[in-house]
Amino acid sequence: RQRPAPHAATDRSPRPARRTRRAALGREGPRVDRQVNTMSDRWPSVSVIIPAYRQAKFILGALDAVAAQEYAGEVEVIVVDDGSPDDAAEVAATHPIGARIIRQENQGVSGARNTGMREATGEYFAFLDADDRWLPGKLTAQIGALRRLRRPGLSFTRYRRVSEAGDVPAAEHLPVALDASH
């Protein structure tokens, strides 16, 4: 039996003896059952990949959102400076999260994400644009949903626009995980 490639988005932990179905985002915000009844309580590592092009103004907010995650596993943060004419990479390097900064000539956002995936060491990838933010329970909810699939899958969330004043509407949506075999 072949093992997945080192950077494949699969869960390599042993199959769970039984699964729970609790992972919900209620009106009060994220509520996640951290006990996912697997043979191992180890949460997989996640590589957060942040492409940056002309994002010096926003990159610290994205890094703050990663730092605020309530995730029990290891989190690697990679910022890919996609040939940005501003100082996004230098600004990112000042954040205490200790992101790995990769510089490249401009290849567009897809090229920057691909570079991040090639350099990533995590068992899962999580993409975050430099001008976006995550709620604190996002990684736990999504990785939990993927682990319950017990096979390769894809997870995504909805988005909400944030006003210039920083007002954010309440969360009411569940993370979605899809079986990659369909």
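Two strands pair if DSSP finds at least two bridges between them. Strands (E, at least two residues) and helices (H or I, at least four) are DSSP runs, numbered from the N terminus. The model is predicted: local features need pLDDT of at least 70, side-chain atom pairs count only at pLDDT 80 or more, and totals for chains, interfaces and linings use all residues. Residues are numbered from 1 along each chain as its sequence is written, and side-chain values use heavy atoms, leaving out hydrogens and water.

Four strands form an open sheet in the order E5-E4-E3-E6, with parallel pairing. Strands E5 (100-104) and E6 (124-127) are the edges, each pairing on one side only. Strand E4 (residues 75-82) runs parallel to E5 and is joined to E5 by 5 bridges. Asp81 stands opposite Arg103 in E5.

Helix H3 (residues 108-119) lies across E3 (46-52), E4, E5 and E6. H3 runs at about 140 degrees to E4; axes are lines fitted to C-alpha atoms, for helices over the stretch in contact, and angles run from 0 to 180 degrees between N-to-C directions.

Asp82 is found in E4. The Asp82 side chain instead reaches backbone nitrogens: that of Gln107 at 2.8 Å and that of Gly108 at 2.9 Å. Beyond four places in sequence, residues in contact with Asp82 (heavy atoms within 4.5 Å) include Ala52, Tyr53, Val109 and Ala112.

Terms used: A polar contact is a pair of N or O atoms within 3.5 Å; within protein, one must be able to donate a hydrogen and the other to accept it, and residues adjacent in sequence count only if both atoms are side-chain atoms.
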